[in-house]
Amino acid sequence: MPLFEIETDAHIIITWAENEDDAREVVDDAYPEDELMRLTKRPRDSWVISKGALGLTDRTLDPCMTARECLSKSAGDKVNAIRLYRMETGCDLDQARIAIESNMVMGW
């Protein structure tokens, strides 16, 4: 059974389906309010996410906990939390912004 990557306005879904119509049905059943943006049949039957591409190869550092500590120290002030995160981890501005904003979305 083929593997499909389905992107909606709110989610990225990886699922097996017999064909594109069945893949669309998965989205309609699970997220009926989402708008389908992209539907791609994957060339292989597995999906791999590189931890290196996500910056998660250093096992001594928990970016989520560090970002949450910075948000806590800054009392939720995003700009200050980004500054603290950069000082703590030594990462660049864009990486710090992504780490802080993604943890804000999850609710710190």
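**Notebook: salt bridges, strands and cores**

I looked up Arg24 first: at 35% relative accessibility it counts as partly exposed. My cut-offs: buried means under 20% relative accessible area, exposed means over 50%, and partly exposed lies in between (1.4 Å probe, protein chains only).

I noted what I am working with. This is a predicted model, where local features need pLDDT of at least 70, side-chain atom pairs count only at pLDDT 80 or more, and totals for chains, interfaces and linings use all residues. Residues are numbered from 1 along each chain as its sequence is written, and side-chain values use heavy atoms, with hydrogens and water left out.

**Entry 1: Arg24 and its partner**

I asked which side chain meets Arg24 in a salt bridge. It is Glu20, at 3.8 Å from N to O. I count a salt bridge when a side-chain nitrogen of Lys or Arg is within 4 Å of a carboxyl oxygen of Asp or Glu. Glu20 is partly exposed too, with a relative accessible area of 40%. Both residues sit in helix H1 (residues 20–30), and because they are four residues apart, about one helical turn separates them. Helices (H or I, at least four residues) and strands (E, at least two) are DSSP runs, numbered from the N terminus.

**Entry 2: a pair in helix H4**

I turned to Asp94 and Arg97. Their side chains form a salt bridge at 2.8 Å, N to O. Both lie in helix H4, three residues apart, about one turn of the helix. Asp94 is partly exposed at 42% relative accessibility. Arg97 is partly exposed as well, with a relative accessible area of 32%.

**Entry 3: a pair across strands**

How many salt bridges does the structure hold? I find seven. One of them joins Glu5 to Arg38, with the closest N and O atoms 2.8 Å apart. Glu5 lies in strand E1 and Arg38 in strand E3, so this pair ties together parts that are 33 residues apart in sequence. Is Glu5 buried or exposed? Glu5 counts as buried, at 9% relative accessibility. Arg38, at 30%, counts as partly exposed.

**Entry 4: strand E1 and its partners**

I then followed strand E1, residues 3–8. Five of its six residues are buried. E1 runs antiparallel to strand E2 (residues 12–16), and five bridges join the two. I call two strands paired if DSSP finds at least two bridges between them. E1 and E2 form a hairpin with three residues between them. Across this pairing, Glu7 stands opposite Ile12. E1 also pairs with strand E3 (residues 36–41), again in the antiparallel sense and over five bridges. There, Glu5 stands opposite Thr40.

**Entry 5: the nonpolar cores**

Last, I looked for nonpolar cores, meaning sets of buried Ala, Val, Leu, Ile, Met, Phe, Trp, Tyr and Cys residues joined through side-chain atoms within 4.5 Å. The largest has eleven residues, including Cys70, Leu71, Ala81, Tyr85 and Ile100. The elements that give two or more residues to this core are helices H2 (63–73), H3 (78–89) and H4 (93–106). H3 gives the most, with four residues. I checked the contacts of Ala81 (heavy atoms within 4.5 Å). Leaving aside neighbours within four places in sequence, Ala81 touches Cys70, Leu71, Ser74 and Ile100. Another core lies apart from the largest one; it has seven residues, among them Phe4, Ile6, Ile13 and Val27.
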